[in-house]
Every structure is written in C-alpha cells, then in structure tokens.
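Hi,

Here is the structure I promised to pass on. Have a look at it first, then read my notes below.

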Amino acid sequence: MLLPGFPRPPGIARRLAGMCYEALLVLALLAATLLLPHLLVGAFLHRVAAPFTLWIQVFATLLVYFVWFWSAGRRTLAMKTWKIRIVASDGSDLRPAQALLRYLLCWPSFLLGGIGILWGFIDRDRQFLHDRLAGTRLIGER
C-alpha cells in the first residue's frame with residue numbers, strides 16, 4: 001500500500017518504454033562484454049565456449065550491471081531518461097542485497113510469459129510482481 005505523500009509509480013506504458021530502452025543498452029553491454037571477447041578467442045585460439053558458459057556469463061554480467069545501478073540510489077541510463085527511480089518500500093535507497101533479490105526475481109517474472117509484468121495491471125499499487133516480492137517500488141520523477 002502506498003504511504004501518504006509517497007510518489008505515485010510511473011505508468012505501465014512509461015515503465016515498458018523504459019524497459020525497451022534498457023534492452024537496447026543491455027544488448028550493447030553484452031556485445032562488448034560477451035560477443036567481442038568470444039569472437040577474439042574463437043579467431044585466435046579456434047575455440048568456442050560452451051552454451052552453458054555463455055549463459056552463465058550473460059547472467060553474471062547482467063547481475064553486476066543491475067545490482068550496481070539499482071543499489072545506493074544509482075540509476076541506469078534508461079531510468080534517468082524515463083525519470084524512474086527504484087526505492088525500497090519505505091522510500092529509502094536499495095541495499096545491494098535487496099537489489100540482488102529483485103534481480104533474481106526478475107528472471108522468472110520475465111521468463112514465465114511475462115507474468116510478473118502482467119501483474120502490474122492488477123496490483124493495487126501498479127507494482128510488478130518482482131517489485132512486490134522484493135519489497136521495492138518504482139517511482140516517477142517530474
């Protein structure tokens with residue numbers, strides 16, 4: 001439940017637009033940290049990484065990226081552009097452990113047919129399921 005005087009969450013369309021922009025930024029990040037090194041290794045050593053290794057690297061790269069930016073009041077470029085902040089339920093900045101929990105909960109939220117995103121349409125505070133479970137919330141800035 002929203003606290004009195006607590007900023008309203010940004011609309012779902014704004015959050016989804018921010019997620020699309022974030023996806024473009026993450027693709028660029030993954031190209032730099034995953035694709036380029038593996039292409040160089042393949043070209044010079046004639047080796048290809050196992051698919052499981054690639055997925056672990058994607059997971060770890062995104063974990064570092066999101067936990068870093070969500071913690072201690074920092075925001076990703078997409079969040080700055082769309083004027084969205086992520087805070088704890090009480091309005092304080094996220095601790096790294098809370099950002100990690102949110103990151104881990106985002107995966108099933110997306111991978112299970114987007115159920116966690118669709119949850120935002122029926123939630124009383126318009127929060128996504130992973131935000132509700134992690135004790136976080138997105139707030140809009142003016």
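This is a predicted model: local features need pLDDT of at least 70, side-chain atom pairs count only at pLDDT 80 or more; totals for chains, interfaces and linings use all residues.

Residues are numbered from 1 along each chain as its sequence is written, and side-chain values use heavy atoms, with hydrogens and water left out.

Salt bridges first: a side-chain nitrogen of Lys or Arg has to sit within 4 Å of a carboxyl oxygen of Asp or Glu. That rule gives seven of them. In one, R102 and D131 meet at 2.4 Å, N to O. R102 belongs to helix α4 and D131 to helix α6, 29 residues apart (helices are DSSP runs of H or I, at least four residues, and strands are runs of E, at least two, numbered from the N terminus). Both R102 and D131 are buried (buried is under 20% relative accessible area, exposed over 50%, partly exposed in between, with a 1.4 Å probe and protein chains only).

Another salt bridge pairs R85 with E141, their closest N and O atoms being 3.8 Å apart. R85 is in strand β1 and E141 in the segment after β2, so the pair ties together parts 56 residues apart in sequence. R85 is partly exposed at 22%, and E141 is partly exposed at 29%.

What about R132? Its side chain meets that of D125 in a salt bridge at 3.3 Å, N to O. R132 is partly exposed at 28%, whereas D125 is buried at 5%.

Finally, look at F121, in the loop between α5 and α6: F121 is partly exposed, at 46%.

Cheers
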